[in-house]
Amino acid sequence: MIVFSQELYEKELAALFVRFPSVQNVPFSDAYKPGLERVCAFEQLLGNPSDKFRVIHVAGTNGKGSTSNMLASALSAHGYRTGLFTSPHIEDFRERMRVADRQACGGQAQVTQMVPKEYAFDFIQRYKADFERLSLSFFEITTGMAFKWFADMGCDYAVIEVGLGGRLDSTNIVDPELSIITSIGLDHCDLLGHTLAEIAGEKAGIIKAGRPVVIGEDRTETRPVFEAKAAEQGSMILFAEDKEPSLWGDAAWIEGSMDLQGKYQRKNLRTVLTALDVLGLADRQSEEAIVHTARRMDFHGRWEKLSDSPLAICDIGHNAHALRNNFAQLEEMMASGKYDKLIVVYAVMADKDLDSIIPLMPACAQWYFTAPSTKRSLPSQEILKKVSEFRGSSENLYAFDTVEDAVGAALHAANPDTLIYIGGSTFAVSEAIPHFRNR
């Protein structure tokens with residue numbers, strides 16, 4: 001076995017991204033390999049690690065990451081060592097695989113660790129030939145790595161976020177104690193379907209025989225799909241929106257205290273508390289852990305404050321379903337009279353439905369369009385052109401070649417009473433964060 005070094009680790013990781021493309025740098029259609037045969041074979045090769053811990057499986061168009069982190073925070077506060085598998089990462093590949101140790105809340109201290117570089121390096125070295133032999137995707141490799149590490153760490157639970165869809169996602173080899181579907185929106189339509197019902201059918205694929213499922217968002221088009229699948233599987237189904245507020249304990253206190261500040265978190269909170277009720281863990285200890293989720297779980301990119309003066313916020317919401325809420329919250333903040341100017345640094349991937357997002361863009365903002373350094377990015381000039389055509393004017397619309405340039409221009413144009421929002425893409429947030437950390 002080759003001895004670990006930082007240089008070799010970085011070289012192996014870079015090779016992994018190139019040889020087994022990730023959606024971090026190629027379109028979903030190029031990186032996505034639907035089907036479970038390959039990952040089942042890999043799981044068996046690894047010793048069936050997912051059998052060694054209890055699983056909560058989380059699917060949905062939006063809200064998966066926040067819901068998963070809240071649940072992991074609550075589980076760890078109850079003394080369960082909890083694995084957490086999410087995607088994509090923002091800055092470090094290892095963010096995808098974290099373990100929250102057994103620790104009662106009692107404060108806001110971070111309780112998570114990422115998979116060690118040495119472990120990831122050894123895993124790649126040990127199974128590199130199998131990656132090729134089984135023709136694994138990048139996501140299948142990371143799924144296997146996460147499951148093996150969680151088993152080796154002696155995790156009691158693992159909260160597993162679906163990568164894409166559900167039915168054919170590589171995480172769908174698990175037999176969960178509980179399944180959760182957070183929300184359904186029109187995203188990745190070329191892979192999942194062009195109607196809400198079709199997409200719901202793909203997400204419903206994580207509902208397993210005799211296992212309960214919590215549905216976070218009740219929509220007329222999707223409810224029958226979930227009810228039919230649950231009936232077919234003999235699964236108890238709970239719609240979080242049907243639950244009486246008394247179930248959620250002091251929900252108003254939680255909402256007002258949470259360090260996850262986006263208003264959209266209210267819906268995720270309701271979903272999480274319903275799930276914890278199913279698990280028999282809906283109590284004050286869970287509530288306190290949820291309040292400090294961002295700090296305890298070292299969780300970033302969800303309505304995250306990057307600076308106070310000017311106030312700069314970033315969020316990885318990237319489709320119309322998510323941005324409708326975020327843009328509305330920005331408009332509310334501007335209507336308060338507290339801020340004299342709103343600057344939005346915005347990027348979008350070429351495979352997103354920009355036409356459905358443009359009508360949602362606050363007219364009161366100055367828009368600084370940009371393109372992160374990934375082949376998936378839509379060039380900033382193309383964004384500007386499309387928005388200008390919709391509005392009939394290019395007033396307050398600007399294009400920058402890089403995120404660094406756009407963030408620099410936004411900070412230069414800002415004063416202490418300016419509100420800056422950075423979003424539209426995980427990749428834009430990823431490239432923006434270091435510029436604020438280094439200020």
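The sheet here is open, with eight strands in the order β4-β3-β2-β5-β1-β6-β7-β8 and mixed pairing. Its edge strands, β4 (112–114) and β8 (237–239), each pair on one side only. The twist averages 20 degrees from one strand to the next. Strands (E, at least two residues) and helices (H or I, at least four) are DSSP runs, numbered from the N terminus, and two strands pair if DSSP finds at least two bridges between them.

This is a predicted model, where local features need pLDDT of at least 70, side-chain atom pairs count only at pLDDT 80 or more, and totals for chains, interfaces and linings use all residues. Residues are numbered from 1 along each chain as its sequence is written, and side-chain values use heavy atoms, leaving out hydrogens and water.

Inside the sheet, β1 (residues 54–59) and β5 (residues 157–161) run parallel, joined by five bridges. V55 stands opposite A158 in β5.

| Helix | Strands touched | Angle |
|---|---|---|
| α4 (residues 64–77) | β1, β2, β3, β5, β6 | about 175 degrees with β5 |
| α9 (residues 223–233) | β6, β7, β8 | about 160 degrees with β8 |

Now for α5 (residues 117–133). After α5 comes S135, with a positive phi near 55 degrees.

Methods:
Axes are lines fitted to C-alpha atoms, for helices over the stretch in contact, and angles run from 0 to 180 degrees between N-to-C directions. Contact means heavy atoms within 4.5 Å.
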